[in-house]
Every structure is written in structure tokens, then in C-alpha cells.
Amino acid sequence: MSCLELKLRLSKVKPSQNSLIVDIKGSRDTGRRIMDMGIVKGSEIEVIRRAPFGNPLEFKIRDYNLTLRKMEAEDIYVSLKG
């Protein structure tokens, strides 16, 4: 990742945008739980939809859909893809 690319929280990405996971923050337990779901650095992830008040959020990663709480998505940092 170049220094000009923006790193933003996954919870801020709009539906239908593809992004690349660049970092996972949060407590050790939260980070472990997120990685156990297959969310690891370097993976592509797409926001599918948000619930009416923005929580939870649905994502597509690899070949499956996954729903996360907004607070979990805020611990995941991504860069947007073209």
C-alpha cells in the first residue's frame, strides 16, 4: 500500500464497494474472533448491505456472506479498490 492510499474503517465503506483488508485492530479476543471468521489481512471484502440504522452490516468475503456488528466492523481497516 502506498502512503497515498487511504485506510478507512470497514464500517464506513458504502454498499457495493470492494475493498482490501489492510489491518485489524481491537482487543486480542476481538481480533482472534474476526480472524476465525476468515477475515484476514490481504482478503477482498465487499459491503452487501446495511440494516436501517447501520447495524448490523452484511459483507461478502471469499465465497460466503457474513454479518458483523458495526462495532466489530470498526476494528477492521481497509483500502478501497478501484
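These notes go through the sheet, the core, the loops and a few side chains of the model.

1. Ground rules. The model is predicted: local features need pLDDT of at least 70 and side-chain atom pairs count only at pLDDT 80 or more, while totals for chains, interfaces and linings use all residues. Residues are numbered from 1 along each chain as its sequence is written, and side-chain values use heavy atoms, with hydrogens and water left out.

2. Six strands form an open sheet with antiparallel pairing, in the order 1-6-2-3-4-5. Strand 1 and strand 5 are the edge strands; each pairs on one side only. Strands here are DSSP runs (E, at least two residues), numbered from the N terminus, and helices would be H or I runs of at least four. Two strands pair if DSSP finds at least two bridges between them. Strands of a sheet pair through backbone hydrogen bonds, either parallel or antiparallel.

3. Arginine 62 belongs to the loop between strand 4 and strand 5. Arginine 62 has a relative accessible area of 47%, so it is partly exposed. The classes run as follows: buried is under 20% relative accessible area, exposed is over 50%, and partly exposed is in between (1.4 Å probe, protein chains only).

4. The core. The largest nonpolar core holds 16 residues. Such a core is a set of buried Ala, Val, Leu, Ile, Met, Phe, Trp, Tyr and Cys residues joined through side-chain atoms within 4.5 Å. Which members touch the most other members? They are Leu10, Ile21, Ile39, Ile45, Phe59, Ile76 and Val78. Two or more residues each come from strand 2 (18-24), strand 3 (44-50), strand 4 (57-61), strand 5 (64-68) and strand 6 (76-80). Strand 4 gives the largest share, three residues.

5. Isoleucine 76. Beyond its neighbours within four places in sequence, isoleucine 76 is in contact (heavy atoms within 4.5 Å) with Leu8, Arg9, Leu10, Ile21, Asp23, Ile34, Ile39 and Leu68. Ile76, Leu10, Ile21 and Ile39 are among the core members that touch the most others.

6. Glutamate 58, a charged residue worth a look. Another, at 2.8 Å, goes to the side chain of asparagine 65. A polar contact is a pair of N or O atoms within 3.5 Å; within protein, one must be able to donate a hydrogen and the other to accept it, and residues adjacent in sequence count only if both atoms are side-chain atoms. Setting aside residues up to four places away in sequence, glutamate 58 touches Glu46, Val47, Ile48, Arg49, Asn65, Leu66 and Thr67.

7. Aspartate 23. This residue lies in strand 2. Aspartate 23 has a relative accessible area of 13%, so it is buried. Its side chain makes a polar contact of 3.2 Å with the side chain of lysine 25. Aspartate 23 also touches Lys7, Lys41, Asp75, Ile76 and Tyr77, not counting residues up to four places away in sequence.

8. Leucine 20. Strand 2 also holds leucine 20. At 30% relative accessibility, leucine 20 is partly exposed. Its contacts outside four places in sequence are Gly42, Ser43, Glu44, Tyr77, Val78, Ser79 and Lys81.

9. Lysine 7 and tyrosine 77. The charged end of lysine 7 sits over the ring of tyrosine 77, 5.4 Å from the ring centre. The test asks for NZ of Lys or CZ of Arg within 6 Å of the ring centre and within 35 degrees of the ring normal.

10. Backbone points to check. The peptide bond from asparagine 55 to proline 56 is cis, with omega near 0 degrees. Proline 56 lies in the loop between strand 3 and strand 4. Serine 16, a residue other than glycine, has a positive phi near 75 degrees. Serine 16 sits in the loop between strand 1 (8-9) and strand 2. Its relative accessibility is 58%, so serine 16 counts as exposed.
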